[in-house]
Amino acid sequence: MNRPHIVVLQGPGLGDFFEITDDKLVLGSDPFLADIVVRDVEVEPRHAELYRKPGGYAVRGVQAAKTIALNGEVMEEPGCGQLLSDGDRIHVGDSVLEFSHQDEIKASFYEQLHLLVNRDHLTGLFSKGRFDREFEHRLEAMADEGRPLSVLMADIDSLKKVNDANGHLLGEFVVGEIGRIIGAMHEEGGRRATRFGGDEYQGVLPDLSKQEAMRVAEEIRRRVEAQTFERDDVAAKTTISIGVASYPEDGTTHQELTHAADAALYRAKRAGGNTVSD
């Protein structure tokens, strides 16, 4: 059974896995323009296309000023396209991507490796390291185009009470379930979220103003408050506090925006919790 896919073997996006399911996909650095996002400053926003043709998939350049190489050989006429064979390696910027379509076991291995490297085991959110790279990439893209970006910092209000009353296994379950609530609000528009610490979370919301991000944060707060967390016939209720900061008014770097959102979270906690603050 063929399962066409691309995996990043070298470069900033090492280990990224992309299953190819459409007849045409754009490969580039812009998360809003590309289907296969290569987080590499040397890659153009829309650098290449993978497209289906008789015999399989091919690759061609898309208005790219920079070169594309296939198996180390520069494509002299990248706009004309070249048919890909199993195991071919596409060189763009400082990254090397491998195309494969005949090895179901290899595809499954790369997919599982991608999850282990890039996802938090408890919540399913991005790992902290992967999130930080995504944050930087999206902030750079928004800054280049003069578009807004907002950041959330969230903290569970009463996890210690849950642990003390019901045990740490339920507390761990609550942390995971709240992560999934937050993740459900970060599934579109290039949004990303991570578990920042034990019971803290961070999210990045490209193209959202502070007012728009406050509405997202309020919906997260509302969903957590409404949820009953139940496991093995033991149930608990809890709430969450969220701080919001936005680019460029609250900061222009990853560190500045994280600090500003964390300060807003502290204000929400001081207000009694179960609230959203900026």
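Guide: Before we count anything, note that helices (H or I, at least four residues) and strands (E, at least two) are DSSP runs, numbered from the N terminus. In these terms the protein has 6 helices and 18 strands. This is a predicted model, in which local features need pLDDT of at least 70 and side-chain atom pairs count only at pLDDT 80 or more, while totals for chains, interfaces and linings use all residues. Residues are numbered from 1 along each chain as its sequence is written, and side-chain values use heavy atoms, with hydrogens and water left out.

Visitor: How many of the residues of the protein count as buried?

Guide: A residue is called buried under 20% relative accessible area, exposed over 50%, and partly exposed in between, with a 1.4 Å probe and protein chains only. Here 50% of the 278 residues count as buried, and the C-alpha trace spans about 65 × 45 × 25 Å along its principal axes.

Visitor: Which residues of strand S11 are buried on its one side and on the other?

Guide: On one side Ser95, Leu97 and Phe99 are buried, and on the other Val96, Glu98 and Ser100 are buried too, so that both faces of S11 are covered. Because 6 of the 6 residues of this strand, residues 95-100, are buried, S11 is largely enclosed by the rest of the structure.

Visitor: In which sense do S1 and S11 pair?

Guide: Strands of a sheet pair through backbone hydrogen bonds, either parallel or antiparallel. We say that two strands pair if DSSP finds at least two bridges between them. Strand S1, residues 5-10, pairs with S11 in the antiparallel sense over 5 bridges, and His5 stands opposite Ser100. Strand S10, residues 89-92, is also antiparallel to S11, over 4 bridges, with Val92 opposite Ser95. S10 and S11 form a hairpin with 2 residues between them, and Gly93 in the turn has a positive phi of about 55 degrees.

Visitor: Which residues of helix H3 are buried?

Guide: In H3, which covers residues 159-166, the buried residues are Leu159, Val162 and Asn163. They cover an arc of only 95 degrees around the axis, which puts them on the same side of H3; the arc is that of the directions from the helix axis to the C-beta atoms. The face turned away from this buried side carries the exposed residues Lys160, Lys161, Asp164 and Ala165. Contact means heavy atoms within 4.5 Å, and what covers the buried residues of H3 includes strand S12 (149-156), helix H4 (168-184) and strand S16 (234-236). After H3 comes Gly167, whose phi is positive, near 100 degrees.

Visitor: In what order do the strands of the open sheet stand?

Guide: The open sheet has 5 strands in the order S13-S14-S12-S17-S18, and its pairing is mixed. Strand S13 (192-195) and strand S18 (276-277) stand at the edges, each with a single partner strand, so one side of each is left without a neighbour in the sheet. Within this sheet, S12 and strand S17, residues 240-247, run antiparallel and are joined by 8 bridges, with Leu149 opposite Tyr247.

Visitor: Is Gly146 buried or exposed?

Guide: Gly146, found in the loop between helix H2 (128-145) and S12, counts as exposed because its relative accessibility is 64%. Gly146 and Tyr247 are 101 residues apart in sequence, and their C-alpha atoms are 9.7 Å apart in space.
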